[in-house]
Number of protein chains: 2
Amino acid sequence: MALLDNIRTPDDVKKLTIEELPKLADEIRSRIISVVDKNGGHLASNLGAVDIIVALHYVFDFPKDKLLFDVGHQSYAHKIICGRNESFDSIRRKDGLSGFPNPNESDCDAFVAGHAGNSISASMGYCAARDLSGEDYFVINLVGDASFFNGENLEALSSTDKKPCKMITILNDNGMSISKNNNGLYKFISLCTTKKSYGRFMRFANKTVGRNFIGRALKRFKTFIKVGLNHTTAAEALGFKYVGIFDGHNIKELINVFNHVKNADKAVLLHVKTIKGKGVSEAEKDPSYYHGVGSHLKTGKSTFSSAVSETLDKFASKDDKITAICAGMKDGTGLTEFAIKYPSRFFDVGIAEEHAVTYAAGQAIGGLKPVVCIYSTFLQRSYDQIMHDVCIQKLPVIFMIDRAGAVGADGATHQGLFDISYLRTLPNMNVFAPKDVVELENIFEFCLSLDLPCAIRYPNGICPNFDTHVDINERLWEVDGDGDNVILAVGPRMLKLAYEVKEKSAKPVCVINARCVKPLYKSIFDSFEGKNIIVLEENVYAGGFGSSVIEYVNQSQINCSVICKAFPDEFISHSTVEEQLNYAGLNLDGIIKLIK
Amino acid sequence: MALLDNIRTPDDVKKLTIEELPKLADEIRSRIISVVDKNGGHLASNLGAVDIIVALHYVFDFPKDKLLFDVGHQSYAHKIICGRNESFDSIRRKDGLSGFPNPNESDCDAFVAGHAGNSISASMGYCAARDLSGEDYFVINLVGDASFFNGENLEALSSTDKKPCKMITILNDNGMSISKNNNGLYKFISLCTTKKSYGRFMRFANKTVGRNFIGRALKRFKTFIKVGLNHTTAAEALGFKYVGIFDGHNIKELINVFNHVKNADKAVLLHVKTIKGKGVSEAEKDPSYYHGVGSHLKTGKSTFSSAVSETLDKFASKDDKITAICAGMKDGTGLTEFAIKYPSRFFDVGIAEEHAVTYAAGQAIGGLKPVVCIYSTFLQRSYDQIMHDVCIQKLPVIFMIDRAGAVGADGATHQGLFDISYLRTLPNMNVFAPKDVVELENIFEFCLSLDLPCAIRYPNGICPNFDTHVDINERLWEVDGDGDNVILAVGPRMLKLAYEVKEKSAKPVCVINARCVKPLYKSIFDSFEGKNIIVLEENVYAGGFGSSVIEYVNQSQINCSVICKAFPDEFISHSTVEEQLNYAGLNLDGIIKLIK
C-alpha cells in the first residue's frame, strides 16, 4: 500500500498527482474493508464516500476548513487521511477510534455525527460564528440522500432564504434511503429540471471563473454540464446555488467542481451520485444488509430483532388492525418479513422519527393498532411526539425499542441508556423489558390488550433463553427464590447477571425479573420490608428504573435499603457491551460485593 | 346574535343560506373577542380562521369527517359551532373548555393540537386507518404557514409521494410566522408559479366536474382561477393536487372550492390567504403582540421574559460573542429589544426547535456564546439535539427556558412540568432555577463563565422580588434559617411558598433556595443528617429535582427523611396557575402539615 503509507496528514494528499488519487482511494477502500471485517462497522456507506473525501482533501484545508458528516457512517476515509491510518485498526474498540466523527478525537472532526439530520443546522451555525468573528474558512457538509430529508435538515433548509457564503452542502445521493427511497421532496427535486439551467450555468461560469483554467475546463465538458445542471429554482429559493449532478466516483471531475464552487458568491448545494458499497461486490448488491455490520461480515442479525419479526407476524396474521412503522431501518428493526407479507400494513417513512410517531398516533386514533419499531437512541427524536401526540391522548401505540441498553461498538452517540428515564416520566406510558423471546411475545400480547401507550425495550446482540415463564398478567414481576437480598433486574442481560450472583453468592438471593418498568408492581413492595434491594439496569441512574424504585420506597415509607447499579452520569464511549457493563460495575464481582 | 343562537350542532350551519354565513362569521368573531377579553387566549389566529371554519362546516360533516388543526390556536370558531357556544365562556378556566382541540372534550376535535407541526402526520395516519378499515370520510387539516414548515410537517410531506385520497391540507397563509416569515421553502412555493397551471386546471375542472353546477360556477370565475392556480409541480411531486390561492375570508368562494376539491382524485393542498386578527383592528395591526394574550387584552407581558431582555442586553453589550436564537417566539421569549439592538446576532429560525438547538451548537463550536430562548414545553422537541449535539460535545449553549412550571390557562399541551426530568438526566448539563430577576442575571453571568451546556428555567407570570441575594458562585444554594425542618424550594413560586410556610409554622424552618438543580449542591447534604427535608418543585415527581435529591440521599447513605411535593404522574389541565398548584398540594395548607 505504497500511497496510503505516506498519508499522515491531510497535506500529504496534496503531494500526490491527480492521477494517483484513484489508487489512493482504492487503497483506502481496501483498508476499510479489511478493518470492518474484523471490527464491524458501517461498510457500504463508508465505501461510497471515499472518492468524494479524497477529492475534498485535495482541494480544501482541513482542519482550517470544516468538514461535517451527515451521518458519520461516511467518515472512515476522512479519519484515515487525517492522521488516523495507523490507529484505524482500533476503530470501535475500547480506547480506540470512534466509529463516528468525534471532535475530541481529532480537530479534523468538526462536529459529532451519530444521528442523522444535524449537518445543515450545524454548518449554518459554524458559518454564523465565522462571519461574526471575521474569520475565513469553508464549511462543507457531506449529507446522504436519506439524511438530507430528515426534518431537522428540512427545518434548516427552510428556516431562511439567506444561506451563508462559503458553505458547501454536498448531497451524496446513492438513490436510496437506508432501505429504499420513496421520498416526495426527493422526487420533486429530481423532477424539477428547468430548461434555463444550462444557459444560466454557462453565464455563471463565464462570469465567475470564465477566464481561468477551471472555467475553460468546465466549458469543454458541455454534455456533462448540460446533464448536471438543473433544479436551480428550488435551490435558489432556499438560498443555494445548485450545481449537479456529478459522478461521485470520478475524483478528477470532483476536484474540478470543488475548485469551481470555491469561487461561488453564495452557498452551494452540490449534488453528486454515488454507489453505496462501491468497491466490494457483495455490498454493492445488498447495501441495506451491509449498511451496518458486526464483526465478520456475515453475522449482523440480533436475536431480539428477529423475534420481533416472528411476534409481529403471529399477531398480525390474526388481527388486520396491526400495522408496523419504521424510520428507515426496516432490516435493523426486524421488519423485512413483515414488509413482504403485509405490504399494505407496513410503512417505512424514512429517517423521520417525529413523523413516524405522530403518523402512528393518527393511525391509532383512527382505529388501528400501530407498532413503531425504532432504536432507543433514535427514538429520542420523538420525545415530544410520544408525549404530546401519543400519551396525552392515551393512544394505543406500541413502541418496539431496539438496541436499548449498552450498544457496544457504536458508542456514545448510539447508547440506549436513556429511554427508561425519558419514557417512565411520561404520564400514561407503560414500559416493559422482556427477559427473552418468549416473554417478548407474552408482553406484546399484553400490550395489545391494554389499549394504552406501551414501550417494549430490548437490547442488541444474542439474547438468552430462560427455561420457565410466568404470564405478565396484571403486570406482575417474576419472583425466584427467597432471602434478605433481593435483586430487581431489568432486561435479559441484567437478569442473567442476577442469576449468576444468586448462584455464586454465599447468602440466599431472591431474583426478580422486573419486566414491567412502569408502572411499578407496587404490591410486592411490602415484602421488601427490612430487606436489601439491589436494582440492576442498563440505563443511567438519573431518573431510571432504580430511581423510580427509590421514589416509591420513599413515598410509601417502606423500610428497606436500596442500592442501584446503573450507568453513571456521563456518555459511554465505544467498546464491547461487556466492557461497558464492567465500566458501570454491572458484573459478577461488582454485585457479589453488595450482598449483605 | 340571532344566527349564532341557533347553532347547536354543525348541522345547524347547513340550515343557513350562503348569504347568511358572513353574518354568522361576524357573530362568531364578536363572541371570540368578548370571551378572549375576559379569559385570555389566542386572538389573532382564531379570528383569521373563522371564515374558513364556517365554510368547512357548510360543506363537510364533522365529526364523521375529521378536522385537524395545526396548531390549535385557530380552533375557537370550530368549538363554538360544535355545540360549545354556551360553554365557550368557560374556555381556559378550571373544568371549562380547553383552549386547544381536545378529543376528550368533543368527538368533533379529531386530534390534539398544542404543539405545531403534527397535523400532516396525524392526517396521514387517519387516512391509513380509514383506508385499511374500508371506511369513507374526509380528513382535513388546517395548517398555518408558520406551522406548515415545521420539521415534522416537512417530514410528513417528504416521507412519500403517495398521499392518500380525501385528504385536504389547507394552508392558512397569513404571510407571517408568529413574528415574521423569512422561510426559504415558503418563498420557493411562492416563486414556483407555473404558466401551465391555468390550462391544466381548466382541463381538470372539465374532466372531473365539468357538467355540474360547481364546474360551471368555477369556470365563470376565470380570473379568480387564473390567479389561484399555480405551484402544481411542487405539490404534485409531494403527492398533492395543488389548488390556490383563494381568499380565506370569502365564504362563498371557499364553499365553491371545498365542494370542488371533494371530487379530486388525489390529496389536495389548498392554499388560502387570510388576515391574522381579522375583525379587530388592533389585532390586525399588531398580530404578533396579540398572538396569545392573558386576560384583558393589554396585559400580556410577564416579568421574567422582560428580565431576559435586560439581562441579555447587559451582557451582549460587553461581549460580542453572545447571540440569541428563538423559534418563532421573539416577543414571547423577550427578544424583541435584542433583535432591534443586535440584528446581526439575533436569529429567529421559525417554528423549528430542532434546528434552533443544533444551529446554536454549531455557533458554539465555532466560538460564539449562543443563548437559545424557548418555552419549556416546546423545547421538548429538541430533546435529542440537546443531548446529541450540545451535551455530548459539552458545548457552551445557554438555554433560557420560559414558561417552566405550571402554565395555567394553556393547559395540558403547554405545561412546563417535565424539563427538570428531561434535562437533569442528561450528562454534562447544568440546570438552574433563579428566584427572581436579580438572580437570573447572576446565574446568567455564572453560566457564561462555566463554558458548558446550561439551562435556566423560570415560570410565566409576575415574578416576586426578594430582598437579599447571595452570589451563585460554585453553585451553592441559598440557606435561610435553621431547624429540623428544611425546605428545598426550586424557583420563585416555590421559594415564596417556603417562606410563607416558615412564617406560619410553629416549628423552626430552614428555607433553602435550591437554585442549582443540577448538579446538586452536595456538600450541604451532611447537614441534613437526622432532619426532615421537604422538596417543593414545579415539575412532575418522576425523575424531577426531588427524585435527584432522593437518589443522592440514597447513594450517600445520609440519614434523613425526604418528602417531595411535586406534580403527579398525569397531564394537568387548564385552570389558573394557583389552582394547578393547589391540585398538586403545593400550597400553604399542604406544606404546613408536613412540618414535623
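## Basis of the model

Because the model is predicted, local features need pLDDT of at least 70 and side-chain atom pairs count only at pLDDT 80 or more, while totals for chains, interfaces and linings use all residues. Residues are numbered from 1 along each chain as its sequence is written, and chains are lettered from A and ligands numbered from 1 in the order in which they are written.

## The contact between chains A and B

Chain A gives 89 residues to the contact and chain B gives 89 residues, where two residues are in contact if their C-beta atoms, placed from the backbone, lie within 7 Å. Among the elements that give two or more residues to the side of chain A that touches chain B are α7 (119–133), α19 (353–365) and α25 (545–556) of chain A; helices (H or I, at least four residues) and strands (E, at least two) are DSSP runs, numbered from the N terminus. The largest share of this side, eleven residues, comes from α7(A).

## Helix α25 of chain A

Helix α25(A) has twelve residues and reaches 16 Å from its first C-alpha to its last, close to the 16 Å expected at 1.5 Å a residue, the expected span being 1.5 Å times one less than the number of residues. Nine of the twelve residues of α25(A) are buried, among them Phe545(A), Val549(A), Ile550(A) and Val553(A); a residue is buried if 20 or more other C-beta atoms lie within 10 Å of its own, exposed if 12 or fewer, and partly exposed in between, with C-beta atoms placed from the backbone. Just after α25(A), Gln557(A) takes a positive phi of about 60°.

Strand β9 (residues 398–402) of chain B pairs with β11(B) in the parallel sense over four bridges, pairing being called if DSSP finds at least two bridges between two strands, and Met400(B) stands opposite Ile456(B). Strand β10 (residues 430–432) of chain B also pairs with β11(B) in the parallel sense, over three bridges, with Asn430(B) opposite Cys454(B).
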